[in-house]
Amino acid sequence: MPEEDLVELKFRLYDGTDIGPIRYSSTSTVAMVKERIISEWPKDKKIMPKVINDLKLISAGKILDDNKTVAQCKPSFSEVSGVITIHVVVQPSSAKAKSEKKIDDTSKKTVCSSCSIL
């Protein structure tokens, strides 16, 4: 595989530690990258992702879409040479369900019963 088809990525975890750097083919999808992150995840961490939906990868302030390839995300990487650091946010599925429930409960409580939208 030619050298220019590889992108070297490092993943910054919530506590400031890193996974990588790891070289990826430009044809690898973000979902494949997430699977690799889960397999490489340090076992001593309190928060551990179980599935790829538990992870969000952020590069240049943008959340990377699971269906896109590393090459498609590369425009945000293009100005950087060497190892690219991507931030990893972990939100386990059970925490997502709890936070969504809180949002639903809050919206129910803040509705004014005397107002109506026509």
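User: With which residues is Ser93 in contact, leaving aside its neighbours within four places in sequence?
Analyst: Ser93 is in contact with Val51 and Asp54, its neighbours within four places in sequence being left aside; contact means heavy atoms within 4.5 Å. The C-alpha atoms of Ser93 and Asn53 are separated by 7.5 Å, although these residues stand 40 residues apart along the chain. This is a predicted model, in which local features need pLDDT of at least 70 and side-chain atom pairs count only at pLDDT 80 or more, while totals for chains, interfaces and linings use all residues. Residues are numbered from 1 along each chain as its sequence is written, and side-chain values use heavy atoms, with hydrogens and water left out.

User: Why is Ser93 called partly exposed?
Analyst: Ser93 has a relative accessibility of 41%. Buried means under 20% relative accessible area and exposed over 50%, with partly exposed in between (1.4 Å probe, protein chains only). Ser93, at 41%, therefore counts as partly exposed. This residue is found in helix α3, which covers residues 93-109.

User: What makes Asp66 count as buried, and with what does its side chain make a polar contact?
Analyst: Asp66 has a relative accessible area of 18%, and therefore counts as buried. Its place is in the loop between β4 and α2 (70-77). The side chain of Asp66 makes a polar contact with the side chain of Lys34 at 2.6 Å. The limit for such a pair of N or O atoms is 3.5 Å; within protein, one atom must be able to donate a hydrogen and the other to accept it, and residues adjacent in sequence count only if both atoms are side-chain atoms. Leaving aside neighbours within four places in sequence, Asp66 is in contact with Thr29, Val30, Ala31, Lys34, Ile52 and Asn53.

User: How many helices and strands does the protein have, and in what pattern along the sequence?
Analyst: There are 3 helices and 5 strands, and the pattern read along the sequence is β-β-α-β-β-α-β-α. These elements are DSSP runs numbered from the N terminus: helices are H or I of at least four residues, and strands are E of at least two.

User: What makes β1 and β2 a pair, and in what order do the strands of the sheet stand?
Analyst: Two strands pair if DSSP finds at least two bridges between them. β1 and β2 have 6 bridges and pair in the antiparallel sense; in β2, Ile22 is the bridge partner of Leu9. The open sheet of 5 strands has the order β2-β1-β5-β3-β4, with mixed pairing. Its edge strands, β2 (18-25) and β4 (62-63), each pair on one side only.

User: Which strand pairs run parallel, and which run antiparallel?
Analyst: β1 (residues 6-12) and β5 (residues 84-90) run parallel, joined by 4 bridges, and Arg12 stands opposite His87 in β5. β3 and β5 run antiparallel and are also joined by 4 bridges, Val89 in β5 being the bridge partner of Lys56. β3 and β4 likewise run antiparallel, with 2 bridges. This last pair forms a hairpin with 2 residues between the strands, and Ala60 in the turn has a positive phi of about 55°.

User: Why is the pair of Phe11 and Tyr24 called edge-to-face?
Analyst: The structure holds 1 aromatic pair. The ring centres of Phe11 and Tyr24 are 6.1 Å apart and the planes stand at 80°, so the pair is edge-to-face. Rings of Phe, Tyr and Trp (its six-membered ring) pair if their centres lie within 6.5 Å; planes under 30 degrees apart count as stacked, over 60 as edge-to-face and the rest as tilted. Phe11 lies in β1 and Tyr24 in β2, so the pair ties together parts 13 residues apart in sequence. Phe11 is buried at a relative accessible area of 0%, and Tyr24 is buried at 6%.

User: Which residues have the most contacts inside the largest nonpolar core?
Analyst: They are Phe11, Ile37, Trp41, Leu57 and Val88, in a core of 21 residues. A nonpolar core is a set of buried Ala, Val, Leu, Ile, Met, Phe, Trp, Tyr and Cys residues joined through side-chain atoms within 4.5 Å. Beyond its neighbours within four places in sequence, Val88 is in contact with residues including Phe11, Ile37, Trp41 and Leu57.
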